[in-house]
Amino acid sequence: MDERGRLCSVWLGSETGILKGVSLSQKNAFNFCNTRHLSREQEVRALCWGDPAESELLVASRDGTVRTFSTEKGSFTEARVCGEPEQGCFSGLAVNGDALITCVECGTLRVWREDRSDPVTELHAGKNVSRMRQNPVHRNQVATGGKDTGLKIWDLDRPEQPAFTAKNLRDDWLDLRQPQWVRDMAFIPDSQKVVTCTGYHQVHVYDPSTPQRRPVLEAKFGEYPLTALSLPVGGSTVVVGNTHGQMAMLDLRKGLVCGILKGLAGGVRSLQCHASQPVVASCGLDRFLHIHSLDDRKLQHKVYLKSRLNCLLLSSRDLEEVGAGAAAGGAASEEVKEEEDEVWDAMEQVEEAEEKQKRKASGDEEEEEEEEVKKKKKSKKKRKKGQD
């Protein structure tokens with residue numbers, strides 16, 4: 001049995017199809033896959049927990065399969081085909097009891113049961129769906145949105161019509177229709193409100209409990225498309241990230257930026273706030289996992305993972321206590337295998353004899369010393385002539 005899975009508190013999916021686990025207590029990272037048989041079709045697009053005990057992890061791949069990973073065994077146990085590559089990549093993955101909920105970019109949302117190979121529920125959420133999110137309290141509710149597809153909230157017990165359909169913003173001052181592009185969303189706790197971020201650097205708050213279907217709050221951050229958001233504990237602020245590696249905290253009551261999180265060098269693809277700790281984890285194109293504190297906004301951890309990262313998932317337990325008392329042995333000390341690029345493999349190796357380098361270096365140093373002595377002598381002679 002592989003003990004590495006029990007040590008990890010952060011899980012990430014990469015473009016190369018590798019499931020990566022990071023142990024902050026052991027300060028180690030691990031790859032969970034067969035690196036000899038990787039393909040672009042195995043790119044990890046979404047992650048979610050398969051059970052409340054967090055002993056199973058569901059991994060959605062680009063080829064339409066959803067694999068089950070056992071954190072106790074440290075290996076994949078089963079796989080299930082839940083889509084076709086022609087329909088687009090997964091834009092969301094969730095679990096409601098024994099049912100699996102999937103959504104792909106073409107807008108097809110399905111509910112799967114363990115005892116059936118075909119979906120029990122199938123609906124069309126719109127075109128170009130960028131994200132699907134589940135309500136953490138009412139798990140039969142999901143929200144969807146995408147490019148030219150506004151926010152919709154679905155009750156999967158009554159999937160005939162959406163429970164809420166957002167209305168687009170009012171026309172601009174030229175009476176032109178404003179484009180909409182929902183990139184991510186989250187359900188605000190202790191309310192019916194939903195917060196979204198858009199590809200036009202906007203943050204919107206919708207309240208389905210009111211007759212108004214347009215946003216009740218609108219804020220903007222930066223000048224670049226927002227790609228991901230997450231709600232810290234309390235729900236009064238939201239953390240957003242954009243395509244240029246900028247992250248910020250926004251106050252959902254006033255719509256103002258209340259803090260900037262620095263340290264990223266590439267576009268943010270996924271971020272998640274911890275369920276009980278004041279920290280936020282983020283990943284993206286710079287191939288690093290970043291852990292920021294939400295109290296002082298300082299970078300606490302930075303882990304290089306060698307691949308461009310698409311998604312991440314945090315354990316609900318204390319991140320730095322997971323695996324802290326475990327005897328890792330040789331498995332915990334094992335380093336992540338290098339994922340060499342073809343460029344590095346094609347480069348020629350240049351070998352030089354150490355003695356030759358030493359002789360050359362010593363010879364250069366002697367010549368430099370002689371030149372400095374000569375310069376000093378010449379300067380002394382000039383000074384004497386000037387005095388005479």
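Analyst: Lys 302 puts its charged end over the ring of Phe 288, 4.6 Å from the ring centre. Keep in mind that this is a predicted model. Another lysine over a ring turns up at Trp 181, where Lys 147 lies over the face at 4.8 Å from the ring centre.

A search of the whole structure gives 8 aromatic pairs. One of them joins Trp 11 and Phe 32, with 5.4 Å from centre to centre and 45° between the planes, which makes the pair tilted. Trp 11 belongs to strand S1 (residues 10-14) and Phe 32 to strand S3 (residues 28-32), so this pair links distant parts of the chain, 21 residues apart. Both Trp 11 and Phe 32 are buried. They also belong to one aromatic cluster, together with Phe 30, Phe 69 and Phe 76.

Now the charged pairs. In general, side chains of opposite charge can pair when their charged atoms come close. Searching the whole structure turns up 14 salt bridges. Take Glu 43 and Arg 62, whose side chains meet at 2.9 Å, N to O. Glu 43 counts as buried because its relative accessibility is 2%, while Arg 62, at 30%, counts as partly exposed.

Glu 122 and Arg 110 form a salt bridge too, at 3.6 Å, N to O. Here the partners come from strand S11 (residues 121-124) for Glu 122 and strand S10 (residues 108-113) for Arg 110, so the pair ties together parts 12 residues apart in sequence. Arg 110 is at 9% relative accessibility and so counts as buried.

Glu 3 and Arg 6 make a salt bridge as well, with their closest N and O atoms 3.6 Å apart. Glu 3 is partly exposed at 34% relative accessible area, and Arg 6 is partly exposed at 42%. There's also a network of salt bridges, which links Glu 15, Arg 40, Arg 269 and Arg 308.

Methods: Residues numbered from 1 in each chain as written. Predicted model: local features only at pLDDT ≥ 70, side-chain atom pairs only at ≥ 80, totals over all residues. Heavy atoms only, no water. Phe/Tyr/Trp six-rings, centres within 6.5 Å; stacked < 30°, edge-to-face > 60°. Helix = DSSP H or I, 4+ residues; strand = E, 2+ residues; numbered from the N terminus. Buried < 20%, exposed > 50% of the residue type's maximum accessible area, 1.4 Å probe, protein only. Lys NZ or Arg CZ within 6 Å of the ring centre and 35° of its normal. Salt bridge = Lys/Arg side-chain N within 4 Å of Asp/Glu carboxyl O.
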